[in-house]
Amino acid sequence: MGLGISTRAIHQAGHIDEASKAVTFPIYQTSTFGQETPGCPTEYLGRKLSYGRSENPTRTVLEETLASVEGARFGLTFSTGLAAIAAVMNTLKSGDRVLACSDLYGGAYRLFTQVYAKLGIRFDFVDTTDLSGLEQALQTPTTLLWLESPSNPLLNVTDIAEACRLAKAAGALVLVDNTFATPVLQRPLELGANIVMHSTTKYLNGHGDVVNGSLIMDDEGLWNRFKFVQNACGLVPGPQDCYLILRGIKTLPLRMERHCSNAAQIANHLASHSKVSRVYYPGLADHPGHEIAKRQMSGYGAMLSFEVNAGDAGARTVLESFKLFTLAESLGCVMSLVNHPASMTHASVPADVRHSVGISDGLIRVSVGIEDIEDLVADLDQALAMV
Ligand SMILES: *Cc1c(COP(=O)(O)O)cnc(C)c1O
């Protein structure tokens with residue numbers, strides 16, 4: 001891979017349309033494609049264009065761009081991040097076992113335990129930051145190891161290379177949900193993972209105006225399996241969504257620079273704030289995953305969580321007092337967002353499970369945007385002054 005990631009993000013996503021030489025790849029807003037001879041669809045960008053669920057050129061360019069920024073051979077895109085996860089689950093069968101990190105996205109937990117568990121797929125959860133616990137859990141035959149690092153919402157960091165080594169020895173495939181890190185900061189395939197998953201809704205699109213998901217891999221067999229399911233189950237995104245994500249990716253490396261620098265300053269500010277009891281950010285030297293993050297990531301990201309001295313009620317007051325930070329689900333967009341995992345993103349995780357993995361009812365999760373840092377710090381200070 002000769003070109004740098006910023007160049008690839010722009011030139012792959014800026015794929016010139018061969019037909020018109022448009023410098024921005026067009027939105028092919030069509031459900032189907034005409035054929036001159038029955039059963040002989042037109043070929044474009046190396047794909048046979050028969051029907052919009054099976055292929056769409058705007059989608060193809062997005063899939064190639066996703067592969068390119070992740071340094072991989074193949075990319076696939078889906079209607080949402082959860083549709084991408086469902087695609088993976090749809091390739092499994094009754095009796096297969098998925099071993100997942102215990103601190104994971106609430107919607108993934110709900111999909112695993114309330115939809116696919118009923119179909120006979122076995123789900124077990126383990127703290128993947130503890131490698132000896134992981135090794136032990138892998139002694140039970142495992143089809144797929146599901147990792148999220150840094151995790152949502154506690155920013156736990158798993159040693160991806162070591163976890164992949166253990167999984168490989170046990171004959172399991174490894175998928176890494178790379179939503180928080182993005183390919184700018186972390187490339188799990190280079191660390192030994194088989195599949196990378198993104199909620200493209202988040203940083204890759206980055207502007208808070210679309211939902212989308214993706215799977216990225218080097219193995220052609222896996223690509224064919226997921227591509228079959230993408231079409232057979234109809235999990236595809238529309239071409240307008242693909243266009244928006246292509247536009248977002250062009251500025252991803254640039255946005256991540258500002259995201260990371262703003263987040264680092266906010267994490268340091270909160271860590272020394274008298275109203276704050278605990279900050280979870282892998283860039284802080286006292287974070288338990290700091291050394292691993294330093295090794296496997298090229299930046300610490302822009303997600304962080306914190307707790308206030310004033311407890312759960314105080315956290316609610318703070319959450320309701322922000323003026324710039326918007327209280328909303330989702331993350332990874334240009335505008336700063338705050339979230340209350342216990343009642344919002346992780347409400348579908350039972351309270352006892354939530355508490356056992358360390359997600360307190362007072363935890364505040366922050367997605368640091370790319371606004372002026374002075375304004376963000378001032379907004380945090382005025383919200384914290386309310387408790
Ligand atoms: C948002 C998110 C998902 C789910 O993606 P959707 O696009 O909302 O379906 C999965 N994993 C992580 C880490 C997320 O933040």
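What is the volume of the largest pocket? About 310 Å³, counted as the space filled by probe spheres set on grid points joined across faces, edges and corners.

1. First, the ground rules. This is a predicted model, where local features need pLDDT of at least 70, side-chain atom pairs count only at pLDDT 80 or more, and totals for chains, interfaces and linings use all residues. Residues are numbered from 1 along each chain as its sequence is written, and side-chain values use heavy atoms, with hydrogens and water left out.

2. Back to that pocket (on a 1 Å grid over the protein atoms alone, an open set of points with protein on both sides within 12 Å along at least five of seven lines; lining residues have an atom within 4 Å of a point). Its lining has 21 residues, with G81, Y105, S199, T201 and K202 nearest the centre. Domain 1 (5-250) and domain 2 (252-384) both contribute to the lining, so the pocket lies between them; the bounds come from an automatic or database domain assignment.

3. Now the rings: Phe, Tyr and Trp (its six-membered ring) pair if their centres lie within 6.5 Å, with planes under 30 degrees apart counted as stacked, over 60 as edge-to-face and the rest as tilted. That gives 7 aromatic pairs. F74 and W223 have centres 4.3 Å apart and planes at 15°, so they are stacked.

4. F112 and W146 sit with ring centres 5.2 Å apart and planes at 85°, so this pair is edge-to-face. Elsewhere, ring pairs join F25, Y28 and Y44 into a cluster.

Notes. 1 Å grid on protein atoms, 1.4 Å probe; cavity = no way out; pocket = protein on both sides within 12 Å on 5 of 7 lines; lining within 4 Å.
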